[in-house]
Amino acid sequence: MKLFLDTANISEIEKGLQWGVISGVTTNPSLVAKEKASSFHEHVKKIAEIVKGPVSAEVISTKTDDMIKEARVLSALDPNIVIKIPMTKEGMSATKKLSEEGVPINVTLVFSPQQALLAALAGATYVSPFIGRLDDIGEDGVGLVYDISKLFLVHNFNTQIIAASIRHPRHVFEVAAAGAHIITLPFKVLEQMFNHPLTNIGIKKFLEDWEVYIKDHGN
């Protein structure tokens, strides 16, 4: 099981890597636009050079031929670039063609096991079910990960599940237990995972006891 950061912020990526818990990054047009980068391609390339692991960069086009052209340009930026393609008919046609060329594909905006099945059949390296967005409309996002995991196991698909749209640390535990191979999460959720009040209380107590020991015994 691996953790990816869902961000295009260089500082967040560097911190996640420094903590030793991040293996890759997922981006999207909204995240890159938020960083106000002067060049989309250069920004994605810089992320890939820093991470040295899978970095998902999303196509903007909606037509198959345009997606393929865009994907080839992105893929040429760095060997670690993964192309994010939306779950559409046009997208699956592009996924089939690109996967046959050896380009790793992350099919995004997956909201049902049936969509995940189509992505796997088209040759996707990854599928990204959006957990939080399903929860937002009263559906079971974690249950979707479980269903996809079971489906892929029964039919021996090599496609990996990237649980996306993670809202809070509980989501991380739940989708990991449900069978996600990878969880891509916002930086703030990653930070929250480190925290527990009992950890803080324990550290405070250890330091207080140590201060008493030093006072009584010296170094």
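Lys 36 is exposed, with a relative accessible area of 71%. Here exposed means over 50% relative accessible area, buried means under 20%, and partly exposed lies in between, with a 1.4 Å probe and protein chains only. The model is predicted: local features need pLDDT of at least 70, side-chain atom pairs count only at pLDDT 80 or more, and totals for chains, interfaces and linings use all residues. Residues are numbered from 1 along each chain as its sequence is written, and side-chain values use heavy atoms, with hydrogens and water left out.

Lys 36 sits in the loop between helix 2 (29–34) and helix 3 (40–51). Its phi is positive, about 55 degrees, although Lys 36 is not a glycine. Ser 165 also has a positive phi, near 55 degrees, and is likewise a residue other than glycine. Its loop runs between strand 7 (160–163) and helix 9 (169–178). Ser 165 is buried, with a relative accessible area of 12%.

The protein chain contains 11 helices and 8 strands. These are DSSP runs numbered from the N terminus: helices are H or I with at least four residues, and strands are E with at least two. Of the 219 residues, 43% count as buried. The C-alpha atoms fill a box of roughly 75 × 40 × 30 Å along the principal axes.

The 8 strands form a closed barrel in the order 1-2-3-4-5-6-7-8, with parallel pairing. The twist averages 30 degrees from one strand to the next. Two strands pair if DSSP finds at least two bridges between them. Strand 3 (residues 55–58) and strand 4 (residues 81–86) pair in the parallel sense over 4 bridges. Ala 57 stands opposite Ile 83 of strand 4. Helix 5 (residues 89–100) lies across strand 4 and strand 5 (105–110), at about 150 degrees to strand 4. Axes are lines fitted to C-alpha atoms, for helices over the stretch in contact, and angles run from 0 to 180 degrees between N-to-C directions.

Strand 8 has two parallel partners. Strand 1 (residues 2–6) pairs with strand 8 over 4 bridges in the parallel sense. Leu 3 has Ile 183 as its bridge partner in strand 8. Strand 7 is joined to strand 8 by 2 bridges, and these strands run parallel. Ile 162 stands opposite Ile 182 in strand 8. In a regular strand, side chains alternate between the two faces of the sheet. Both faces of strand 8 (residues 182–185) are covered. Ile 182 and Thr 184 are buried on one side, and Ile 183 and Leu 185 are buried on the other.

Val 145 belongs to helix 8 (residues 141–155). Val 145 is buried, with a relative accessible area of 0%. Contact means heavy atoms within 4.5 Å. Leaving aside neighbours within four places in sequence, Val 145 is in contact with Pro 129, Ile 131, Ile 161, Ala 163, Val 175, Ala 178, Gly 179 and Ala 180. Val 145 and Phe 130 are 15 residues apart in sequence, and their C-alpha atoms are 9.1 Å apart in space. Across the protein chain, among contacts between residues at least 6 apart in sequence, 55% join residues at least 24 apart.
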